[in-house]
Every structure is written in structure tokens, then in C-alpha cells.
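I opened the model today to look up a few local features. My notes follow in the order I took them.

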Amino acid sequence: MRHSYVLVQFLLAMENSESESSAVPSRKPPVALVLINRPEDGPRILSLEPEDLRLLKQVLNWAGYQSFIVDIDDDVDRINDAVVLYKPTVIINLVEQMFGDVWQAPAVAAMLDLFGYVYTGSEPSVLLDCLDWAKVQVLLEHAGLPLCNGRGTRRLHACLLGNDEVELLPIGESVVLEGQPVIAQDTTTSIVSARIEHLAWQVWDVLGLRDIAQIDFDVSLAGRVSITGVTAAVDIFGTVFRTAAAGREGGMPGTIVRLSRLCHERLSAEELVAHPLP
């Protein structure tokens with residue numbers, strides 16, 4: 001029921017919008033292939049529930065795509081089979097691990113690069129970099145960005161969406177309510193928010209992030225902002241990103257549409273007509 005209400009509200013709000021509601025122009029509906037990895041006997045890191053997948057498919061179909069969701073189930077051959085069968089225009093890559101190992105997930109993006117398809121998220125090398133926090137720290141420190149050297153009083157999260165123009169979604173804060181950790185909309189001062197926004201954009205540029213990212217910050221009692229983590233393979237249905245998307249115009253449905261558009265925009269007119277197959 002949660003997503004049904006959100007979807008109805010989104011469709012009503014976006015009905016007359018041209019920016020994110022118009023169908024993608026094409027003689028044939030463009031194809032959006034969603035790749036997930038949910039092995040029955042393996043670990044499940046991504047916060048995907050059946051209702052999330054239904055929402056994803058409904059929104060992509062409404063946005064003008066013919067959408068398909070494929071669970072590769074730790075089987076590399078299924079990636080090849082999926083792109084051959086569906087010939088996707090764009091791929092929503094939600095594969096966050098292979099064989100229980102998050103370090104293998106960038107290999108999926110590398111395969112899609114070899115096949116010649118566009119997919120959501122950063123390039124394989126960036127995905128690998130962001131898994132290595134020690135390396136990220138070296139890169140950010142070299143760029144003169146502040147890193148956390150101790151636990152601050154508050155933990156804030158900045159989610160970004162975009163490419164040429166990067167959008168900062170509403171900042172969230174990790175808090176504890178009634179003994180349970182939750183993500184709340186940030187109510188910090190404008191100075192701290194502006195500092196987080198500025199640093200988030202700098203991190204995006206330094207690391208070469210693409211489409212989507214999550215950057216975590218600590219804020220000291222004195223108001224010093226420092227970087228504590230960078231996630232390139234964002235769990236879009238996780239608590240942090242879901243909360244940020246809910247505060248964005250169009251909510252989670254509008255954010256899904258925007259993410260697919262960011263991927264679609266990387267296609268040239270020629271590639272839309274014929275792109276390479278494996």
C-alpha cells in the first residue's frame with residue numbers, strides 16, 4: 001500500500017509535466033532492463049522487496065519504457081542472455097554483489113561496457129575505487145578535502161543525482177528514535193548545509209562519480225564538517241536514499257525516472273537505432 005499511494009500521487013502530480021513525464025521519443029518503445037542479483041542461498045545486501053520491484057516496473061513503463069526485470073542469481077551467463085534477448089536501450093544496474101562479494105559487482109558494469117550498453121551508475125574503475133576507503137581517503141586528502149579523524153556529534157548523508165548538472169537531494173541525518181536508528185530530514189544550519197553541499201560536489205568531481213552517489217559526513221560540536229564515506233553503488237531502496245528521494249519533487253517515482261533519463265541521455269541518436277550486441 002505504501003508504494004501504491006506514492007505512485008498514484010506521483011502520476012497525478014506529474015501528469016502535465018514535460019520535464020520528466022513525457023514518454024521517450026522513439027518509433028518503438030525503448031527497453032529498460034533492470035538487473036538484480038538475489039540468489040536464494042546467498043547474501044542479499046540490497047534493500048529490495050517485491051513491492052519495490054513492482055514500483056520500479058510500473059514507473060519505467062509509465063515513463064515510456066518497455067521494462068524487464070532479470071534476477072541473474074549469481075549466474076554470469078544470465079547477463080549475456082538478458083541483453084541478447086531484450087536488447088535494452090538502457091540498463092538499470094542494481095547488482096551490488098556477485099557470489100556474496102561486493103568486490104565482484106564492478107565486473108558486471110565492466111561486462112556491460114564490453115557489450116556496448118549504457119547502464120546506471122559509475123564506471124567500473126570508480127566503483128572499485130569507492131570500495132577501497134583507504135584509496136578514497138588518499139584521493140580526497142590529495143584534493144585538500146577534510147576527512148574525519150574522530151567521531152563527530154552528528155552523522156549526515158548527502159545523496160546526489162546527475163551528470164553535467166548534479167542535484168543534491170534533501171540531506172538526511174542518522175538519529176535514534178524510540179531506541180531505533182532511523183534517517184530523518186536534516187534540520188541543520190544553513191551554513192553546515194551549504195558546506196556539505198559544496199564538499200559533496202567536490203567529492204563527486206574528484207572521484208569521477210556518475211549518475212548517483214551517497215556521501216556521508218560527520219559534524220562536530222563546533223560545526224566542523226568532515227567526510228566519512230562515499231558510496232558509488234547506491235542502494236536506491238535503502239533507508240538513506242529512500243528518505244532523500246521522498247523529499248525530492250516527484251518522490252521515489254520521479255527519482256527513478258530521473259535516473260533512467262540520466263542513463264538514456266548518454267545515448268546518441270545513432271546508438272538508439274543500432275547498438276552492439278554481445
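I started at D75, which sits in the loop between β2 (66–71) and α3. Helices here are DSSP runs of H or I with at least four residues, strands are runs of E with at least two, and both are numbered from the N terminus. This is a predicted model, where local features need pLDDT of at least 70, side-chain atom pairs count only at pLDDT 80 or more, and totals for chains, interfaces and linings use all residues. Residues are numbered from 1 along each chain as its sequence is written, and side-chain values use heavy atoms, with hydrogens and water left out.

Is D75 buried or exposed, or in between? D75 is partly exposed, at 30% relative accessibility. I use buried for under 20% relative accessible area, exposed for over 50%, and partly exposed for what lies in between (1.4 Å probe, protein chains only).

D75 belongs to a negative surface patch, together with E40, D73, D77 and D81. A patch takes residues with over 30% relative accessible area and no salt bridge; like charges are joined within 9 Å, and nonpolar side chains (Val, Leu, Ile, Met, Phe, Trp, Tyr) within 5 Å. Asp and Glu count as negative, Lys and Arg as positive, and His and the chain ends are not counted. I took the place of a charge as CG of Asp, CD of Glu, NZ of Lys or CZ of Arg.

D74 is in the loop between β2 and α3 too. D74 is not a glycine, yet its phi is positive, about 60°. Most residues other than glycine have a negative phi.

**Other positive phi values**

I then looked at F99, in the loop between β3 and α4. Its phi is positive as well, near 55°, and F99 is not a glycine. F99 is exposed, with a relative accessible area of 53%.

**Helix α4 and its cover**

Which residues of α4 (residues 105–115) are buried? I list A105, P106, V108, A109, L112 and F115. An α-helix has 3.6 residues a turn, so residues three or four places apart point the same way. The cover over the buried residues of α4 includes β1 (31–36), α3 (76–86), β3 (90–93) and α5.

**Helix α5**

L131 is in α5 (residues 124–131). L131 is partly exposed, at 32% relative accessible area. With W103 and L128, L131 makes a nonpolar surface patch of about 260 Å². Accessible areas come from the Shrake-Rupley method with a 1.4 Å probe; for residues, only the protein chains shown count as cover.

D129 is also in α5. Its relative accessible area is 18%, so D129 counts as buried. I left aside neighbours within four places in sequence and found D129 in contact (heavy atoms within 4.5 Å) with K135 and V136.

**Salt bridges**

How many salt bridges does a search of the whole structure find? It finds eight. A salt bridge needs a side-chain nitrogen of Lys or Arg within 4 Å of a carboxyl oxygen of Asp or Glu. I noted three pairs.

- D129 and K135 meet at 2.7 Å, N to O. D129 is buried, whereas K135 is partly exposed at 38%.
- R155 and D216 meet at 3.4 Å, N to O. This pair links distant parts of the chain, with R155 in β4 (residues 154–162) and D216 in β8 (residues 211–219), 61 residues apart. R155 is partly exposed at 27%, and D216 is buried at 7%.
- R248 and E167 meet at 2.9 Å, N to O. This pair also links distant parts: R248 is in the loop between α8 (239–246) and α9 (251–264), E167 is in β5 (residues 166–168), and they are 81 residues apart. R248 is buried at 9%, while E167 is partly exposed at 27%.

**Whole chain**

Last, I took the totals. The protein chain has ten helices and nine strands. Of its 278 residues, 49% are buried. Among contacts between residues at least 6 apart in sequence, 70% join residues at least 24 apart. The accessible surface comes to about 13,700 Å², and 53% of that belongs to carbon and sulfur atoms.
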